[in-house]
Amino acid sequence: MGRSAIITGGSSGIGRHLAIAFAQAGYRVAFTHRNDGAAAVEVVAEITGAGGQVRAFSSDVGDPASVTAFMDEACDWFGDAPDVLVNNAGIQTWAPLLELSEERWDAVIRTNLTGTFLNTREVGRRLVAAGKGGSIINLGSGCNKLAFPKLVDYTASKGGVEQFTKVAAVELGPHGIRVNCVAPGAIETERTRAEAPDYAETWGSVTPLRRVGTPADIAGPVLFLAGQEAGFVTGQTIWVDGGVFTQA
Ligand code: NDP
């Protein structure tokens with residue numbers, strides 16, 4: 001049986017590219033989306049058109065019942081627990097601390113941090129029960145290295161994801177399950193372009209590699225961590241930011 005991967009938030013941006021890249025690498029891919037069914041249908045069509053195997057599921061990463069139902073269906077299709085989980089779904093908007101609403105705070109923590117916990121717990125339980133190892137990759141953020149104003153909710157959630165990764169790696173390591181984090185810098189996606197039309201120029205000009213990142217730049221390290229080439233790597237964060245958050 002071939003390898004299988006679950007990717008949360010596969011209908012746009014980095015997650016969309018991850019779904020396509022994993023399918024191209026021969027994985028059977030199950031990805032989730034929240035509300036844009038049309039975008040998910042497009043991703044499925046692109047992958048199946050190229051001969052890949054993929055299914056899209058509507059699932060809210062922050063809702064325990066929804067996560068369990070999705071995992072049941074995905075694992076039925078795979079015929080086993082997945083080999084790989086990528087906790088990619090995430091949300092981000094900008095708001096000053098003193099104007100941040102509880103609703104906004106809750107939504108960001110629920111999606112980015114609780115979503116990572118719920119999906120990891122669900123897959124972890126299934127991998128342990130199946131007696132097989134696996135690889136879990138969490139999407140952090142380069143912003144953890146600095147302190148960006150107006151991103152207090154997002155930064156807190158992604159800081160939590162990074163620390164969650166370490167503890168999960170220690171607890172799940174004895175079961176052969178590796179847990180790592182990929183922390184992107186400035187990556188040009190539909191979302192970031194919509195937020196700032198000059199996003200690529202602005203970030204490209206201050207990044208040591210003199211360009212903005214692309215979803216493909218994230219897919220490479222995620223695929224590496226998913227595979228046996230990274231079989232002794234766990235509890236780590238790989239910064240994929242062109243050096244922008246490394247410089248003084
Ligand atoms: P996008 O906004 O383009 O895509 C986010 C994806 O997550 C969509 O598929 C969306 O589905 C899904 N999603 C959001 N909320 C939920 C939910 N509650 N349940 C299930 N799915 C959900 O984001 P990016 O591609 O830009 O970012 C992907 C990840 O990378 C995020 O974790 C982000 O924080 C991280 N990151 C991105 C950076 C960047 O520069 N782009 C930089 C650093 C980190 P739907 O469309 O249906 O809502």
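Predicted model: local features only at pLDDT ≥ 70, side-chain atom pairs only at ≥ 80, totals over all residues.
**Entry 1**

I looked up the backbone angle of lysine 150 and found phi near 75 degrees, a positive value in a residue that is not glycine. I noted it because most residues other than glycine have a negative phi.

Arginine 210 came next, with a positive phi of about 60 degrees although it is not a glycine either. I found arginine 210 in the loop between helix H7 (199–206) and H8. It has 10 C-beta neighbours inside 10 Å, so I put arginine 210 down as exposed.

**Entry 2: the whole chain**

I stepped back to the protein chain, which has eight helices and seven strands. Its radius of gyration is 17 Å, close to the 18 Å that the globule rule gives for 248 residues, so the chain is as compact as a globular protein of that length. The box filled by its C-alpha atoms is roughly 45 × 40 × 35 Å along the principal axes. Of the 248 residues, 45% count as buried. I also checked contacts with a separation of 6 or more, and 72% of them are between residues 24 or more positions apart.

**Entry 3: the core**

Which residues touch the most other members of the largest nonpolar core? I wrote down Ala5, Ile7, Leu18, Ala19, Phe22, Val29 and Val222, out of 58 residues in that core. Helix H1 (residues 13–24) gives the most to this core, with seven residues. In soluble globular proteins, nonpolar side chains tend to be buried together.

Setting aside neighbours within four places in sequence, valine 222 is in contact with Leu18, Val86, Ile137 and Val182.

**Entry 4: around the ligand**

I counted 33 residues around the ligand, and Gly9, Gly13, Ile14, Gly90 and Ile187 come nearest. H1, strand S2 (28–33) and helix H6 (190–195) each supply at least two residues of this shell. How many of the shell residues are nonpolar, polar and charged? I have eight nonpolar, 20 polar and five charged.

**Entry 5: two glycines in one loop**

Glycine 227 is in the loop between helix H8 (215–226) and strand S7 (237–240), and glycine 235 lies in the loop between H8 and S7 too. Glycine 227 has 15 other C-beta atoms within 10 Å and is partly exposed. Glycine 235 is partly exposed as well, with 16.

I then looked at distances. Glycine 227 and threonine 202 are 25 residues apart in sequence, and their C-alpha atoms are 34 Å apart in space. Glycine 235 and valine 170 are 65 residues apart along the chain, with 7.2 Å between their C-alpha atoms. Beyond neighbours within four places in sequence, glycine 235 is in contact with Thr165, Lys166, Ala169, Val170, Val179 and Asn180.

**Entry 6: the annotation**

Last, I checked the record. An unreviewed UniProt entry carries the annotation "domain: Ketoreductase" over residues 3–142. In the model, that span is 49% helix and 19% strand, and its end C-alpha atoms lie 29 Å apart.

Key: Residues numbered from 1 in each chain as written. Helix = DSSP H or I, 4+ residues; strand = E, 2+ residues; numbered from the N terminus. Rg over C-alpha atoms; globule rule 2.2 N^0.38 Å. Buried ≥ 20, exposed ≤ 12 C-beta atoms within 10 Å, placed from the backbone. Contact = placed C-beta atoms within 7 Å. Core = buried A, V, L, I, M, F, W, Y, C linked by C-beta atoms within 7 Å. Near = placed C-beta within 6 Å. Nonpolar A, V, L, I, M, F, W, Y, C, P; charged D, E, K, R; others polar. UniProt positions renumbered as here; feature names shortened; annotations may be inferred.
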